[in-house]
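Please open the model in your viewer and keep a selection panel at hand. The tour goes from a pocket to a helix and then to a cavity.

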Amino acid sequence: MRDIDLEISPGERVLLLGASGAGKSTLIHALAGVLGGADEGETAGELLIDGVAADRARGAAGLVLQDPDSQVILAKVGDDVAFGCENLGVPRDEIWCRVGDALDAVGLRLPLGHSTSELSGGQKQRLALAGVLAMRPRLLLLDEPTANLDPDGVAEVRDAVARVLSSSESTLIVIEHRVEVWKSLVNRVIVLGADGGIIADGTPDAVLGREGARLSASGVWVPGFAPVRPQRQLRSSGESLLTATDLTVARTRGNAVQSGINLTIASGEALAITGPNGAGKSTLGLTLAGLLPPAAGAVVASDSLIERGTVGRRRPGPHPIQWKSRDLLTRIGTVFQDPEHQFLTGTVHAELAVGPLALHLPDAEVSQRVDELLERLRLTHLADANPFTLSGGEKRRLSVATVLATRPRILVLDEPTFGQDSRTWSELVTLLAALLDEGSAIVAITHDADFVDALSTRQVQLNAGQSTVGVSR
């Protein structure tokens, strides 16, 4: 991000847009004063909050990050929300009033003593927002705060922010690819260019109306401009790859979240797992992927899936939970909800080579696979970058690419389109559609209705607090 000249007045409500990697998160991290020192990057120019350098005005700004895990600090929900207030020296009695109000505002209705380690990704996102709201900052900075929330949760978080703004003079800057969510709440839209500078700045109607077509072409999700969707060819070959029978799944031992699940995953099929936050979607995905043991019932691989990649190697048994990591590589690949949980190396290029090298592929084939994925997922210019320095959308594309590099027959993807602009969304979905047409299978945990409409052949709806599963076509 460079060549940014702007002034935001107190009380303004700003929607910050731009293509994936344009520097949106970098800008609000700088405003929050958390970018670090000179050894962590290069800076030029001046950034002030109320006339004070941003890194010396940290108490004035509250930041909700893209990754909610990075903002969970303490073991209990109430203590975590109270942490920021305690650091600001808020009186004890007032702290706990603020904690209750903030949790109610974001719809996280859990006991104050509830363990933060037992929260789903979406619940952690609400927890992070509650912690910031309790601090009552003058500048509220939100980095895709609804990205991993179900539709009801999206509305609750947006409405919670609206209530805070209506009862305070706080200034809001929110990053969100999906413009429609925040359009009615903001009074200004600023669009960062992929090559630096600001390419649009004005009221929502002026920017999105006058510049809608151009912004859409650059990757901004503009209402009324639908992204390109792939045309599926093969729907399902009917060849069974994986079967779950009377399956019960649990995040921790003895804590079942869903039971009585019966599913078959077939070649060429995209199965979308949907439902509210906390219903067990990610837990089910990890269990199907052979990374969590079933609490009851079984997940069994078909002979055709087992035979994949067995030439010259030991043939694994029928239960994926008993497979070694190398057994999984060409059979079931998993993309975690948090992309950083699967990064292992110091560069993007090396990260993509990890799986192919573990398969002992020839150097020429490793290079071919890596270069192809870099190009397809718009990561070539980042080949030598550290994976942890990428934007949220870039990290998500890299995490998907690391799994694609070993060409597994089944892909288990947790929120695969998180953080994508409309252009990278289309490219990613098109790539996945091609894999389906070639006979792969996809299990996607998602709140993205566009993704479901574009790819899924079946949808599993998990219901929170119930041990039932609905399946629809």
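In this predicted model, begin with the second largest pocket, which holds about 820 Å³ of space. To find its centre, select Val154, Arg178, His447, Asp448 and Ala449, which lie nearest to that point among the 39 lining residues. If you colour by domain instead, you will find that domain 1 (13-218) and domain 2 (239-472) each supply at least three lining residues. Colouring by class shows a lining of 17 nonpolar, 12 polar and 10 charged residues.

Next, select helix α1 (residues 24-32), where eight of the nine residues are buried; these are Lys24, Ser25, Leu27, Ile28, His29, Ala30, Leu31 and Ala32. Which strands cover the buried residues of α1? Among the elements to display are β1 (13-18), β2 (48-49), β4 (61-64), β5 (139-143), β6 (171-175) and β7 (188-192). Step past the end of the helix to glycine 33, which follows α1 and has a positive phi, near 75 degrees.

Keep Lys24 selected, for this buried residue of α1 also belongs to the lining of the largest cavity, together with Leu16, Leu17, Gly18, Ile175, Glu176, His177, Val220 and Trp221. The largest cavity contains about 40 Å³ of space, and the model has three cavities of 30 Å³ or more. Strand β1 gives the largest share of the lining, three residues, and by class the lining divides into five nonpolar, two polar and two charged residues.

How values were computed
Residues numbered from 1 in each chain as written. Predicted model: local features only at pLDDT ≥ 70, side-chain atom pairs only at ≥ 80, totals over all residues. Heavy atoms only, no water. 1 Å grid on protein atoms, 1.4 Å probe; cavity = no way out; pocket = protein on both sides within 12 Å on 5 of 7 lines; lining within 4 Å. Points joined across faces, edges and corners; volume = space filled by probe spheres on them. Nonpolar A, V, L, I, M, F, W, Y, C, P; charged D, E, K, R; others polar. Domains from an automatic or database assignment. Buried < 20%, exposed > 50% of the residue type's maximum accessible area, 1.4 Å probe, protein only. Helix = DSSP H or I, 4+ residues; strand = E, 2+ residues; numbered from the N terminus. Contact = heavy atoms within 4.5 Å.
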